[in-house]
Amino acid sequence: MDDRADLADLPLLPTTVVGSYPVPEWMERLKTEYFRGRMSAVQLQDVHEMAIKAALRDQELAGIDIVSDGELRRDNDLDYFLARIPGIEIPHTAKDFYFDYYDTRVRAPLPEPGDAAPLGLADDFAFTATQTDRPIKFSFTGPFSLARRVRNEAYPDRRDLVLAIARILNAEARALAARGARMLQIDEPFLAGYPQEVETAVEAINIVTAGVDVTWGLHVCYGNRYARPSWEGHYDFLFPAVLETTVDQLVLEFARTGYGDLEVVAKHGWDRRLGVGVVDVKSGRVETPEEVAARIRGALDLLAPDQLVINPDCGLRNLTGEVARAKLAAMVAGTAQVRRELTGRPMDDPGPDDLARLTPGLPEGAAR
Amino acid sequence: MLVDFRPHTRLRGDGRVDLATSLLPVVEALAEADVDLAKVRVVSDWVQYRENFREVVDLRPILHSVPAAAGVPVSLGVREDDLEVAVDVRRSQDAPLKELTAALLRGAPERIVLEDWGRGSRSCIWDFNALYWSALELWEKATGRGYEQALPGGESDARNIDAARELILGLFSVWDRLAESNALPDELYVVELGVGNGGQAKVFLDVFRELDLAHGRGYYRRLRYLMCDYSQHVLDLARETVADHLAHVSSFALDATRPATALGFLQYKVFLVYVSNVYDNLPTDEVAQLGGRTYCVETRAYLPAAAAEGIAAAAGATPAELPGLVHKLLRLGPALLPEAAPAHFPDVDSAVDFWRRTWSALRLEERYVPLPGLDAYTIVPATGRDGLTTLSGELLRPLLESGADLRMHVNNGALASFVDSLMLLHPFGTLVCHDLFVTDVNGYRTHFRGPGKYDGSVVNWVNGPLLAHVGRRHGFDVTYEPFRHRSGGNIVTMTAQTRD
């Protein structure tokens, strides 16, 4: 593996999350209050920062090696970004429910970003970095998915809109790297719905990553909005195009769909890192460490140990906090089992008492 | 005193309601009674069901505190009434309203109470409802008419050929697009919940085969039609109805509120879930927002004393023995009741007669009990299947806080069924439902929406805005439109499709 220092310093089979973390019902109410104009942005920011601290703490307690801010500042996977891009118009900025999508449109070509990073993602990262000593993965939605829901009245070809957004995200990535970000992940939740456009997506991804010397991940799943898949299919559509991306790691969904697609990844000669989804985020049933370990072993039949990163299928947003914590704990424990088998060394993994401490409210058998 | 006259449209036109005879006598009786008039609500409804669970005048206590709400702050400025007086305007003009009201205000009338107070969805009226469907044959034999004849128009809208054609062409369109991108599964699943006698299934399958022949893509060969019903007996009859298509049909006996318990293997695989006249017939609670406070409507089934005496006499029993006999009936059904209580029911016919007379006389007392918090009220508990389907009372908030006082259905059973069914749908799947939907929350402020009795079953309108709200929270756009293939009815078509 040709890892950058941050990833190379991590243990074998590093554990991480894909990005989002559960949003409690009380926080949904507060977010909705904001989008109905009944709460100030300052108060909402305070809520977000408290929640991010708690999400980081949960991940640390679970033993996750690479943590995230849980994407808790975001209303959904698109609008947080689109609303900040100069030139994207949003006729109605109020929402009935914070998670709803805006109707967005672009009526003139987007201004080139220059040195500006208007989305403010670097500030988001910087706050997170002050709250944890662990390596941080910072994720953002990719240009292909962001462009999908924008009504395009500016570009004769939607591809040009995708590439324009990619240039803006590249400016954000540069700002993120300048503030110390070392692991960035591009999420493309809409790509599986438009497999025939994968070349455009790859072209745009390479624009986002250009000149930004961090560890890059690319997450492609079948959608996770409201804990439902938006598409069905197989990952073969990614290949061979995805081999042309400049990313260091693919982060894919397997636990819900099955591990048949691992053969697709291996068959096409993917020799970089692979983030293997070992926890189904669309089900509240908590996997056992043994299940997780078995899934990792299955991946090791096809890929080398130093290729694998262990993560859930997708973001944990739609799970309850209780279930998410239990799933992360099981993921860490299952990973530790396999690490032991690979290295022959005892690892600092959670035992039954630790699992019980992390999942106090879950009934016996649900979490373990 | 607050007077809420809901059926205001009946104050105009031919046959208009006369307030002087339909409402004022109630107010006069209140004025003469020992009640705090500042804490009384008078509510007038037009109860359109000839058979229902109400008297012309009912009193509904409004409780201020319950142990579960102890210590929960009550907002400043809420109006805490003591009593609601409910009047059925349709019957009020021919009744001695003042005397009836005064008698109720003087003290509780003699009644044979059949159960304890509880949420509406837990009332024994739902056991009666279940009994009706499971012993339908005996009921039909006694009444001399089939249940479809009890429906408005005498036929289920589910059998409408034009409606079926529209649905099927919609499916073909989706499948054609998926086939173009090589994403069409080998097996194409359609689920029907509440299959009844199989009439809808037969229409659907006949039309499907005919349209597929013209379309030429071989979809009929790949079609898997799953008929689901509460009763295996009904399913057997339905299979006979669709005998011509049996190679494509499977049947499942299941609880409509939990379709995924039997069909979990089809998660995200079903292209169409079709539901006709099922949701209105599933257990429901009612909640109310009165004067700024939220209440659960608790109910208690009873038999009026006079009716109870007649029923008891016919069964050779005392009125006090009726609760025991009723619960025996609900547990065993009329076919086995003669064996369990031969002294009272010498044969099945007498047991069916007891069943029908009891059902006809059955009434519901109501009272309002404050909810300690919407999040503490569970609409649908988690199934444990995926752990994600718990529906909390928070979902009611936008509707309850939509303005003036409101009393509405929660449709717990329908919501459970709806959400469970959504989990079955393919990303490009659709749920289509024909039923009695209230499509605007204001519809609850102007019309009585049940419960009523349809033959031996319970009927309630379904809270459309609530289903739409819950659908949105699960990623679905839910739309309503009047059933387009028959004019003049109340049936509404609900369509749920993945949003975004």
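Trainee: How many salt bridges does the rule find across the interface of chain B and chain A?

Mentor: This is a predicted model. A salt bridge needs a side-chain nitrogen of Lys or Arg within 4 Å of a carboxyl oxygen of Asp or Glu. Glu394(B) and Arg29(A) meet this way, at 3.3 Å from N to O. Across the interface of chain B and chain A, the count is 1 salt bridge.

Trainee: Which element gives the most residues to the side of chain B that touches chain A?

Mentor: Strand S17 (425-435) and helix H19 (464-473) of chain B are the elements that give two or more residues to that side. The one that gives the most, with 4 residues, is S17(B).

Trainee: What area is buried between chain B and chain A?

Mentor: The contact takes 22 residues from chain B and 22 residues from chain A. Carbon and sulfur atoms give 52% of the buried area. The area is about 1,800 Å².

Trainee: Which residue meets Arg41(B) in a salt bridge?

Mentor: Across the interface of domain 1 and domain 2 of chain B, the rule finds 1 salt bridge. Its N to O distance is 2.9 Å, and the partner of Arg41(B) is Asp405(B).

Methods. Residues are numbered from 1 along each chain as its sequence is written. Chains are lettered from A and ligands numbered from 1 in the order in which they are written. This is a predicted model: local features need pLDDT of at least 70, side-chain atom pairs count only at pLDDT 80 or more; totals for chains, interfaces and linings use all residues. Side-chain values use heavy atoms; hydrogens and water are left out. Contact means heavy atoms within 4.5 Å. Buried area is the accessible area (1.4 Å probe) that two parts lose on being put together, summed over both.
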